[in-house]
Amino acid sequence: MLGGVHEFRGGPTDQLLITEGIYGTMRHPQYASVMLGVFAAAFGANYVGPYILAVLTVPMLHLITLLEERELVDRFGSAYRTYQARVPRFLPNWRSRGWRASGHPLPTALQWR
């Protein structure tokens with residue numbers, strides 16, 4: 001549910017752990033895109049302020065993901081632990097099952113040799 005409102009309702013949830021698509025290559029694509037965007041904006045602006053913001057964004061988002069993953073382990077248990085062991089946090093793992101399970105061939109430019 002949008003904005004975490006479901007957290008306040010309490011009781012059992014009917015949520016599913018999504019491990020396919022982009023979530024099969026990295027666990028936190030939104031946070032990774034925020035980091036990339038902040039650094040891109042800093043490089044584009046080429047001023048000290050945006051660089052400082054970009055450097056501070058990385059540890060802040062890392063802390064947020066650690067707290068979020070603690071909650072996800074509580075919510076999904078061993079299924080999330082297995083997912084953590086298989087899929088990296090921020091950097092895409094093009095060799096992971098998620099890409100192959102989608103049925104799309106890995107583009108030649110992205111293949112690791």
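Biologist: What percentage of the residues in the chain is buried?

Modeller: Buried residues make up 25% of the 113 residues in the chain. Buried means under 20% relative accessible area, exposed means over 50%, and partly exposed lies in between, with a 1.4 Å probe and protein chains only. Please note that this is a predicted model, in which local features need pLDDT of at least 70, side-chain atom pairs count only at pLDDT 80 or more, and totals for chains, interfaces and linings use all residues. Residues are numbered from 1 along each chain as its sequence is written, and side-chain values use heavy atoms, with hydrogens and water left out.

Biologist: How many helices and strands are there in the chain?

Modeller: The chain has five helices and zero strands, so from the N terminus on the order reads α-α-α-α-α. Helices (H or I, at least four residues) and strands (E, at least two) are DSSP runs, numbered from the N terminus.

Biologist: What share of the contacts comes from residues 24 or more positions apart?

Modeller: Such pairs account for 63% of the contacts in the chain with a separation of 6 or more. Contact here means heavy atoms within 4.5 Å.

Biologist: Turning to packing, at what angle do α2 and α3 cross?

Modeller: Their axes cross at roughly 175° and come within 9 Å. That makes α2 roughly antiparallel to α3. Axes are lines fitted to C-alpha atoms, for helices over the stretch in contact, and angles run from 0 to 180 degrees between N-to-C directions. Angles under 35 degrees count as roughly parallel, over 145 as roughly antiparallel, 65 to 115 as roughly perpendicular and the rest as oblique.

Biologist: Which classes of residue make up the contact of α2 with α3?

Modeller: There are 16 nonpolar, two polar and one charged residues. Ala, Val, Leu, Ile, Met, Phe, Trp, Tyr, Cys and Pro count as nonpolar, Asp, Glu, Lys and Arg as charged, and the others, Gly among them, as polar. The α2 side includes Val 34, Met 35 and Val 38, and the α3 side includes Leu 53, Leu 61 and Ile 64.

Biologist: And how do α3 and α4 pack?

Modeller: Helix α3 (residues 48–76) and helix α4 (residues 78–86) pack at an angle of about 130°, with axes 6 Å apart. That makes α3 oblique to α4. In α3, Glu 69, Leu 72, Val 73 and Phe 76 meet Ser 78, Ala 79, Tyr 80, Arg 81 and Gln 84 in α4. This contact divides into five nonpolar, two polar and two charged residues.

Biologist: Is His 28 buried or exposed?

Modeller: His 28 counts as buried, at 2% relative accessibility. His 28 is found in the loop between α1 (6–9) and α2 (29–45). Leaving aside neighbours within four places in sequence, the contacts of His 28 are Thr 65, Glu 68, Glu 69, Tyr 80, Arg 89 and Phe 90.

Biologist: A change of topic: how many aromatic pairs are found in the whole structure?

Modeller: The search finds three. Rings of Phe, Tyr and Trp (its six-membered ring) pair if their centres lie within 6.5 Å; planes under 30 degrees apart count as stacked, over 60 as edge-to-face and the rest as tilted. One of the pairs is Phe 39 with Phe 43, which is tilted because the planes are at 40°, with the centres 6.4 Å apart. Phe 43 is exposed, with a relative accessible area of 55%. Phe 43 also forms an edge-to-face pair with Tyr 51, at 5.7 Å centre to centre and 65° between the planes.
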